[in-house]
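Please look over the sequence and the fold shown below before reading on.

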Amino acid sequence: MNTNSLQMRCGCCFIIPLAVLRELSQGKLLKAASRTVFQDSFLETQRLRSIREGFRLAMVTTRRSFIAEAVTHAPVERLFDCKHRESLPGALVKSTEKDPFKTVEATTAKVGEFYKTVFGRNSIDNRGMDLISSLNYGVDYQNAFWNGQQMVYGNGDQQIFVDFWRSADVIGHELTHGVTQHESGLRYEGESGALNESISDCFGAVFNQWLNKLPASNEDGWLVGAGIMGPAAKAKGYTCLRDMVDPTSKHCLSPQPDSYDDFDPTGDVHENSGIPNKAFALFARTLGGNAWDAPIKVWYDACTGRHLSSSAAISDFANATLAAAGRWQGADKAKVKDALAKAWADVKVPIAVS
Ligand SMILES: [Zn+2]
């Protein structure tokens, strides 16, 4: 795919915020040589983000024309090796017996199984869309992203970040950007962008909990990107990128606000996402048990079925989740509604009085 066709089709959503890449490229945490790698990754991420919006709008238009099609088939996985170039998708990988391809193939298949068994969804578009992953993107590229059509993983610098495919929640996060693209089509800016990011964090974290059988009470299950933290980051006390239970914590490389009172209108989509992230974690932990039961199913109901507009604000989403809780048919319905209303109140997000 050449640059022009990528510009036509790109709808890139990332795991690492631009602000973190910029800080690491300029700050005192790293030596000059290491800062250069982050500067390159910052510029490449900025370039990809700047061309995303045209593709999202194209998808919103296109998906409507496909709604009438009842084409369904089992998704096929395909892996590509970028061989450290920034050209997508790269060379088709024929043998996946060794890492990184072995792990990405297995974990991506598990994400598909998660969506099928928990939600009855057939792949990213619910019509069996093939799952395409490109690895070894760029030289020490410090990010992973969904580009509107496929997942792309960098290798990191092995100091701050190790290979981005090593964290199951990161793989779940990127694929969920694809699901959001095919459902609400949330714009990747402002409050809708924060929701887009939060939805990927929520489904990525719950996929990881489901995969490793972690109950909602286990705090490790709420860390985003714990598996991609490199030795230099860990030596500085950073154990994760984001913590959904405690978004402001110092152990987060990318701390976030955890209350709508602290919403930053100029903030990156990865910053304000801490507010709905915490609401979801509070909701799930108040209910107890497993987050892949009522909590994530209520979130899925709110995110799908055209219940959410592409320009939704955080309070719109909160109201959509409350409406979804009203549709919940479980025996714990009253408890679900109470826990959800309390979670949104705790993070100071205004909700409609029903
Ligand atoms: Zn993301």
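In which sense do E2 and strand E3 (residues 91-92) pair, and over how many bridges? The pairing of E2 and E3 is antiparallel and comprises two bridges, where two strands count as paired if DSSP finds at least two bridges between them, and where helices (H or I, at least four residues) and strands (E, at least two) are DSSP runs numbered from the N terminus.

## Model and confidence

This is a predicted model, in which local features need pLDDT of at least 70 and side-chain atom pairs count only at pLDDT 80 or more, while totals for chains, interfaces and linings use all residues. Residues are numbered from 1 along each chain as its sequence is written, and side-chain values use heavy atoms, with hydrogens and water left out.

The average pLDDT of the protein, that is, the predictor's confidence in each residue on a scale from 0 to 100, is 90, and 90% of the residues score at least 70. Over residues 1-10, however, the pLDDT is below 50, and this stretch has 22 contacts in the model beyond near neighbours in sequence, a contact meaning heavy atoms within 4.5 Å. Residues 60-70 also stay under 50 in pLDDT, with nine contacts beyond four places in sequence.

## The sheet

Six strands form an open sheet in the order E1-E5-E6-E4-E2-E3, with mixed pairing. Its edge strands are E1 (13-14) and E3, each of which pairs on one side only.

Strand E2 (residues 77-81) runs parallel to strand E4 (residues 131-135) over five bridges, and leucine 79 has serine 133 in E4 as its bridge partner. E1 is joined by two bridges to strand E5 (residues 144-146), the two running antiparallel, and here cysteine 13 has tryptophan 146 as its bridge partner.

## Helices on the sheet

Helix H6 packs on the sheet, where it touches E1, E4, E5 and E6, and its direction makes about 20° with that of E5; axes are lines fitted to C-alpha atoms, for helices over the stretch in contact, and angles run from 0 to 180 degrees between N-to-C directions. Helix H5 (residues 101-119) lies across E2, E4 and strand E6 (151-153), at about 150° to E2.

Histidine 173 and histidine 177 both belong to helix H6 (residues 168-182), four residues apart, or about one turn of the helix. Both histidine 173 and histidine 177 are buried, meaning under 20% relative accessible area, with exposed over 50% and partly exposed in between (1.4 Å probe, protein chains only).
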